[in-house]
Amino acid sequence: MLTMGIDIGSRSTKCVILDDGKMLTYGVIETGADSVKTTYAAVEAAVQRRIELWGEYRLELPDVKTDHLKIEDMACIIATGYGRAVVPFAHGTITEINCHARGAQWMVPGVASILDMGGQDCKAMRLGPKGEVANFVLNDKCAGGTGRFVEIIADGLKVPLLEIGELSKKSTKKVPMSTVCSVHAKRDALALMKHGEKKADILAGLHEAIAGRVVGMVKRVGLADKFVITGGISKNVGMVAKIEEKLGGLKAHIPPEPQIAGAVGAAMFALDRARKKDKAA
Amino acid sequence: MNTPFKTLSEMIGLTSPFPEGEAVKAWKAAGKRVIGHLYLAVPEELIHAGGFLPFRMSGDNEPLPMQLAESYVLFNQCGVTKGVWQQILEKKYDFLDGSVHSNVCDGVRRIYDNCVEFKPTPFMDVLNFPRKANEDAVQVYLVDLELLRDRLSTLRGQRIRDIELKRSIEIYNHTRELMKQFYELRKRDRPPVTGTETLEMMKAAGRMPRETYNDLLEKLLKEIKSSGREVKKGKRLMIVGNDIHNSNWMAAIEELDAVVVTDEMNVGTRYFAGKVDASLPPMEGLARHYILGRPQEAMTFGGNRFEHILKTAKEYKVDGVISENVRYCAPVGNDKPWLRKELEKHGVQLMELDMEYGEKPSGQIQLRTEAFVEMLQS
Amino acid sequence: MAVAGIDMGALFTKVVILDDEDKILAAVALDIGEDFRTEARQASDEALKQAGLTRADIQYVIATGTGNKEVREVIKERKIAERSIATCTARGAHYFFPQARAVLDAGADSVTAMRLAADGSPETSAGHSKCASFTGLFLDYLGGMMRVPVKDMGAEAEKATNPQAVASRCAVFAVAEIISFVHRVPAVPIPDILAGIHEAMANGLHGVSQRVGMQSDIVMCGGVARNADVVRRLEAKLGTKVMIPEDPQILGALGAALFARQEAVRPDAVPSVPPREGVA
Amino acid sequence: MSATVSVTEQWAPWTPLELAKKVKAGVEQYKKMPGLMKSGVTYLQMAADYIEAIAIADRDRKHLVWHGTQMNTEVYYSMDIVPVFNEMYSVLFSMMGGPVKGIFDLSAANGLPTELCAFNKSVDGMLLAGIAPRGTMASWHGSSCDNTPKALGNIARVQGLPTYFMDRPYQMFTQHRLDYWRKQNEEFIASCEKITGKKMDYNRLKKAVALSWEATKLCQEIEQLVWKTPCPMGWEAAFGPLTAARSFAGHPIANEFLTGLRDELKERVEKGIGAAKPERIRYVFTVSCPYFDMDLIRWMQEKCGAVLVVDNIGRFRGTAEWMLDPDDPVGNLAAKQQFNMGSHNYNPGVEHKEMMLEICRNAKVDAAIMFNNVGCAEQAGLSRILEDSLQKGLGIPTASIDCDILDKEFTPREQIEEQLTRFFEMVENGAAYKQRRAQQ
């Protein structure tokens, strides 16, 4: 049975097609100005097996052709993410909080704590015994813990996004950074750089500050041994290392394609619904 | 879609535009005076007995730009009081003939200070409100109430008599009774009213002559009972924390598969809980009620806030509690972790929300609430 | 002889050179993205080129802004001193508008409101708070997100028919909010969103201006002053027009140059020595 | 949570015992610094004694009582109780370089909103880290501000302590409110008797109250000396009177320190020694002070020639004539709280404003600095009233600087310095300043 999950985020839209809960294909595109067009384009990317952002496929895909698949072939489609309400062909919507949790479980079976650090928000979730979300928190009014926050500063420092993590690990000096406001933090980071601080040290200081905040969120919902980090920032090795350090050396599981967790979760919820419908029929 | 109640629309009409609504305009046109107050520290009965219209100062359904207020009280000030101050600066409260403040919290106290300094009303007063709920507190509060009565009497030019107080107490007790009946309806498995409608009903009480309000509320109760309306929603929610006056906020929550059935707010259960004992001398009755007779707020040490929340959650069979807190409100903010522990201990699901006062539900809040409702469903 | 002022901000470096009648010979504002020393060199080279002068022609320099210490290190052999950016901006405003009694400086990374004495010196000043998003960066950031160039934002917003209020004050959350406007069916038109942002911005600037009790004869400067829609909304709140210099970004550097003149004409001024290396 | 938290390696250097060692080592370092006022060293010595008493209270089987601002320590000292003031303890923790951010993070993880008062968050975090002193009781005032009652309530809940809460009336100067207050002072003493199992020795209390009265008078004498031009008070002892009067009222240590300070200042005034050379700016802290960063005060003094002539929190209100009847120590203590250091914050803003104007005129203040401690809404709400009246009344401009009263990283030092440099320049260019200087 084919089911689809589609996750429309602020920066990228991901579409995942599962066959009885197994990965069949997925695609990623940049979120465009026209959200409805974007949703169709994302489906197209999935069936054509195309990733517009972040390079290569990191999950192994079955060696079958998928380019003939159509929206009508799906038993159920669930949309999630900021744009979940605008997907014209979705059968339902579920928030990214539940979808991320479900997707993380699909990627790392038995996971109990999840930290998702996306572009616009950062969330921590704890799962109950049946895999249901038992507790969650989102970052509050200030954004000093989000992916976008790191991006703004990296942009100011003119460091390519993918190099931030490695660069920050080369830090030799502690430069304190305040995470109160991203606009101010950019100014502060630039001033530090112009005064001659090394970029590596500034970034390390930034990671330190953000890690302190997000670890607090994880602790608030309850930390379990099997712990996963998803979302774009999980690719930032410098940040992950800092988080692990603050969690007393606990190793985080980083799934190979952490950004699609939400879409996978949505497709899994779609599978539940399709099966339920089958049963009822 | 539920058809709106005619009487509720009438209430909203009379209290619009906010704050100087039709009812206030008519009152003023008759040459009568309006006195503003904040929170539940100042007995409305006392102001009413003096022949004044007690007006509850707050924000309403639109988010307020706070920046003008912040040029006085800075950004790190609780939004509920900051919002009132912003409107005072915008001259929205110029219709007030006086205001009675209190020291009930830092924000309220500083709004008084700023009013005195920058925007005094013709009559300004500040009442000492004890933060203990015991007999000594009642006694000291009683003396202060008597002093306030003296000053209000001077303002009126005629002594506020006990008989007038008794009549006011009766009227306000009647409101409490009617509100209780209204809330009773929400205990039904399929409540006939939404939280959004309830909030509009509660807000109107502080914005029009009480006699008119009581008549309307009686009419509204009849209309609801005869409508046979049922709000068909999956989950029953309770709002706990700072006062919310933005009905759009409540409406956004109720767009989900959930209905708000009760709350712990000053524009909610705390307002009508208990009754002023009419058998006591009126001033003593008031002092006892305001200190001991109603659920206490987060500012009162050793108060019964948590007990009230738990009891209410149980009575209204709520599925989940939203524990919200306006930023920079220290008393409510401080209670949050303890409240969470307390509710978890009793197996009550809750979601914590930090927000700006008057904020309309943005992507963030909608997302959280939706996820919370999903969590309650799973 | 000519004098120069350098304003080293966290983002932009600005240089103004004045001739001996205090006419502006050169005014540059650059965003180079290097350390302060390099920026100081490059920006002043650019200004000298514009003015058609060499370093030896500059009699005195005043540096101001975040990086003024570095500038002084670079050109330590020269006659150079520092002045605070507030005083310099006030002086610059006074140069263009001698009647000015208040300055609202809405720059890329900070907002400052000042009331001025008759001689153009600041009497009282207030800055924005730790967590306020009324800066130029806030606009840049949101404009970038909506793919509207900063210079077009004002004109674009004036097309708004139904401004959409933006509640979030945090830039990152404002973006989240805007995304939800865009993802709505039907989507909120871009001009309406921009108008909402500008309204929020004008509220913020008005708040800062009222912190020092500004009433009239107000000069507005800084990058945000180029956004006509923000200015219009702010003027409506202030109930008065504001005066905006042709180049609102250079007042700080201009004021510094004017102070440099003051130093240069002092009887005890030391004649300048040609530099071995460095700016000006 | 349980009251006995095992201390992990990370927090081990910050237990009360370790903190006491650090303060002691600080005193030794101070002794080596050239040119310090003698009282600067004794000030820190006083702090060291304070922390040590807390650290060893358990060993000495003494009762340790957590308390909030405005409490009368005379009562504790008369009953051999060791007081621990949440604010003072937090400040010393921060001053010694304690990981303030780390404990704030713990508190946030526990769910306490991050915008609350730093003193509240810090002790909350210390409790969670297991490094907060273990108390046997907590007693505090309400209505001083909203955070104090909540912060102490937190401590009592976590440590499971018996409590006594005092409901401080707003404007307590009327008879019925003073009566209400006096009764609570009596109940407060009774609560101390209950935990110690001892009766209050009223003769001893009388002596403590007499000492405290003398200390009040010494503080007022010191204030007059500090107002002299040039101001003789150096950064190193600037917060001494506050510490003495708040945490050692009724204890001979306070009187020793204050007497020493008074004599030293007198001598400096006679010899014309000013703290700043030359004295360019005389400033007032209108609300909070950056107690956490003494070095900033030093920087202002040494690099900007700016001297602290009025610490608004560190002075008694009005005439402070609170010794009404030497034979009625409880009545005196109740009366004292109307005048306590910092108590004007809890009265109407108008009164605060008028008092501020008068002092600033007398002390020949040039500049006002408002450290807007972000967790303190109570002070933020007062800022404009003070700012405008100082400007209009005396031509004194105010610099408003957002900060956190414990976390040095909240606003980087460099930014504070930049703001102050700008500000001082503006002050010196001001007409009122020039006029004041011309008269001197």
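A: Domain bounds here come from an automatic or database domain assignment. The model is predicted.

Take chain C. Its assignment gives domain 1 as 2–95 + 251–264. Domain 2 is 98–243.

How far apart are the C-alpha centres of the two domains of chain C? They lie 27 Å apart.

Now the contact between them. Domain 1 of chain C brings twelve residues. Domain 2 of chain C brings 16 residues. Which element gives the most to the domain 1 side? Helix H3 of chain C, residues 85–96, does, with seven residues. By class, the domain 1 side of this contact in chain C has seven nonpolar residues, four polar residues and one charged residue.

Step back to chain C as a whole. Chain C has nine helices and ten strands. There are 280 residues in chain C, and 62% of them are buried. What about sequence range? Consider contacts in chain C between residues at least 6 apart in sequence. Of these, 71% join residues at least 24 apart.

Next, a helix pair in chain D. Two packed helices are described by the angle between their axes and the distance between the axes. Helix H9 of chain D covers residues 202–226, and helix H10 of chain D covers residues 240–247. Their axes come within 10 Å and cross at roughly 165°. Angles over 145 degrees count as roughly antiparallel, so H9(D) is roughly antiparallel to H10(D). The crossing of H9(D) past H10(D) is left-handed.

Which residues make this contact? From H9(D) come D:Ala215, D:Cys219 and D:Ile222. From H10(D) come D:Pro241, D:Ala244 and D:Ala245. The contact of H9(D) with H10(D) has six nonpolar residues, no polar ones and no charged ones.

Last, the contact between chain A and chain D. Chain A supplies seven residues, and chain D supplies eight. On the chain A side, the largest share comes from helix H6 of chain A, residues 199–221. That share is four residues. By class, the side of chain A that touches chain D has one nonpolar, three polar and three charged residues.

Definitions and conventions
Residues numbered from 1 in each chain as written. Chains lettered and ligands numbered in written order. Predicted model: local features only at pLDDT ≥ 70, side-chain atom pairs only at ≥ 80, totals over all residues. Contact = placed C-beta atoms within 7 Å. Helix = DSSP H or I, 4+ residues; strand = E, 2+ residues; numbered from the N terminus. Nonpolar A, V, L, I, M, F, W, Y, C, P; charged D, E, K, R; others polar. Axes fitted to C-alpha atoms, helices over the stretch in contact; angles between N-to-C directions. Parallel < 35°, antiparallel > 145°, perpendicular 65-115°, else oblique. Left-handed = near helix turned anticlockwise from the far one by under 90°. Buried ≥ 20, exposed ≤ 12 C-beta atoms within 10 Å, placed from the backbone.
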